[in-house]
Amino acid sequence: MKDAFGAPQSLLVLGGTSAIGLATARRLIARRTRTVWLAGRPSPALESAAAELRELGAYVRTVAFDALDSESHETALGKIFTEGDIDMVLLAFGILGDQGRDEEEPLSAVRVAQTNYTGAVSAGLVCAGALQAQGHGSLVVLSSVAGERARRADFIYGSSKAGLDAFAQGLGDALHGTGVHVMVVRPGFVRSKMTAGMPEAPLATTPDAVAEAVVTGLRRRSETVWVPGALRVVMSALRHVPRPLFRRLPALEPVGRPLIGRSRRGTHASGVAEMP
């Protein structure tokens with residue numbers, strides 16, 4: 001259960017190596033969170049993240065979780081809830097993909113959609129059901145400003161986030177009055193190791209800033225959080241930009257160059273990057 005100050009005492013991070021997820025965990029541990037579950041693909045990075053949080057004083061456990069293996073979600077995540085109540089679930093996994101490559105290779109685009117949307121729907125429903133069964137808790141979903149209106153430069157990633165965003169909002173409405181709180185977080189460009197060397201978009205932010213916004217939003221019981229807050233105004237204006245002009249606008253998050261409409265020679269083909 002949350003403590004007298006409204007801080008969750010237990011946390012489950014789906015995407016256990018996410019920079020934003022770990023920054024949020026550090027802040028919550030400083031505010032009395034004592035139990036943390038990090039769910040992700042088994043790796044040295046996952047174990048290192050767990051060790052770091054243990055040094056901060058939390059009891060930390062890792063669990064094998066693959067966003068693309070939806071059939072395993074109910075079993076893998078259900079076991080966590082049998083160990084005790086979870087006050088907060090942070091859905092922090094996802095991939096950016098590479099727009100140029102994904103336009104040329106449909107299966108790569110499908111992987112983006114399956115990770116960011118299908119996997120999130122599966123894991124989100126499993127966790128929402130468990131939170132509802134225990135009668136309390138918060139589900140925080142990391143969406144993106146890219147999902148507000150998909151741009152030419154990132155429509156594959158943006159469309160997957162648009163689906164996730166709509167799903168999370170609908171889930172929040174479905175759970176209203178059950179004791180379960182759903183909060184959608186929409187960050188813009190996040191400076192992290194993943195985006196190092198990429199051109200920085202306007203109103204860039206950091207994992208720590210997103211984490212602080214998550215903690216503040218939890219305290220306020222917010223339903224939607226923009227990071228930074230100025231993006232709310234920016235996106236409100238962009239929704240009304242005429243389509244011929246809008247299609248010329250750059251993405252607000254780092255992606256590979258679009259392929260359609262240009263030569264296929266020299267196509268950027270870097271590996272898929274994990275979300276910050």
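Visitor: What percentage of the 276 residues of the protein chain count as buried?
Guide: This is a predicted model, and burial here requires a relative accessible area under 20%. Of the 276 residues of the protein chain, the share that counts as buried is 53%.

Visitor: How many helices and strands make up the secondary structure of the protein chain?
Guide: Contacts in the chain with a separation of 6 or more come, for 74% of them, from residues 24 or more positions apart. The secondary structure comes to nine helices and seven strands.

Visitor: In what order do the seven strands form the open sheet, and is the pairing parallel or antiparallel?
Guide: At the edges, strand 3 (59-64) and strand 7 (224-227) each pair on one side only. From one strand to the next, the twist averages 15 degrees. The pairing is parallel, and the order is 3-2-1-4-5-6-7.

Visitor: Which residue of strand 4 stands opposite L14?
Guide: Strand 1 (residues 10-14) pairs with strand 4 (residues 88-91) in the parallel sense, over four bridges. The residue of strand 4 that stands opposite L14 is L91.

Visitor: At what angle does helix 6 run to strand 6?
Guide: Helix 6 has 20 residues and reaches 28 Å from its first C-alpha to its last, close to the 28 Å expected. Helix 6 (residues 155-174) lies across strand 5 (137-142) and strand 6 (180-187). The angle between helix 6 and strand 6 is about 155 degrees.

Visitor: Which elements do the buried residues of helix 6 pack against?
Guide: The buried residues of helix 6 include I156, Y157, L164, F167 and L171. The elements against which the buried residues pack are helix 4 (99-104), helix 5 (106-134), strand 5 and strand 6.

Visitor: Why is Y157 classed as buried?
Guide: Y157 is found in helix 6. In sequence Y157 and I95 are 62 residues apart, and in space they are 8.1 Å apart, C-alpha to C-alpha. Y157 is classed as buried because the limit is under 20%, and its relative accessible area is 1%.

Visitor: Which element gives the most residues to the largest nonpolar core?
Guide: The largest nonpolar core has 32 residues, and those with the most contacts inside it are L12, L14, F65, L77, F81, V89 and F93. Two or more residues come from each of strand 1, strand 2, helix 3 (73-82), strand 4, helix 5, strand 5, helix 6 and strand 6. With eight residues, the element that gives the most is helix 5.

Visitor: Which residues is F81 in contact with, leaving aside its neighbours within four places in sequence?
Guide: F81 is one of the residues with the most contacts inside the largest nonpolar core. In soluble globular proteins, nonpolar side chains tend to be buried together. With neighbours within four places set aside, the contacts of F81 are L12, I86, V89, C127, A130, L131 and Q134.

Visitor: How many residues has the other core that lies apart from the largest one?
Guide: This other core includes L22, L90, V140 and V210. Its number of residues is 30.

Visitor: How far does the backbone oxygen of P8 lie from a polar atom of the side chain of T33?
Guide: T33 has its place in the loop between helix 1 (19-30) and strand 2 (35-40), and T33 is buried, with a relative accessible area of 0%. Leaving aside neighbours within four places in sequence, T33 is in contact with P8, Q9, S10, L11 and L28. The distance from the backbone oxygen of P8 to the polar side-chain atom of T33 is 2.5 Å.

Note on methods:
Residues are numbered from 1 along each chain as its sequence is written. This is a predicted model: local features need pLDDT of at least 70, side-chain atom pairs count only at pLDDT 80 or more; totals for chains, interfaces and linings use all residues. Side-chain values use heavy atoms; hydrogens and water are left out. Two strands pair if DSSP finds at least two bridges between them. Axes are lines fitted to C-alpha atoms, for helices over the stretch in contact, and angles run from 0 to 180 degrees between N-to-C directions. Contact means heavy atoms within 4.5 Å. The expected span of a helix is 1.5 Å times one less than its number of residues. Buried means under 20% relative accessible area, exposed over 50%, partly exposed in between (1.4 Å probe, protein chains only). A polar contact is a pair of N or O atoms within 3.5 Å; within protein, one must be able to donate a hydrogen and the other to accept it, and residues adjacent in sequence count only if both atoms are side-chain atoms. A nonpolar core is a set of buried Ala, Val, Leu, Ile, Met, Phe, Trp, Tyr and Cys residues joined through side-chain atoms within 4.5 Å.
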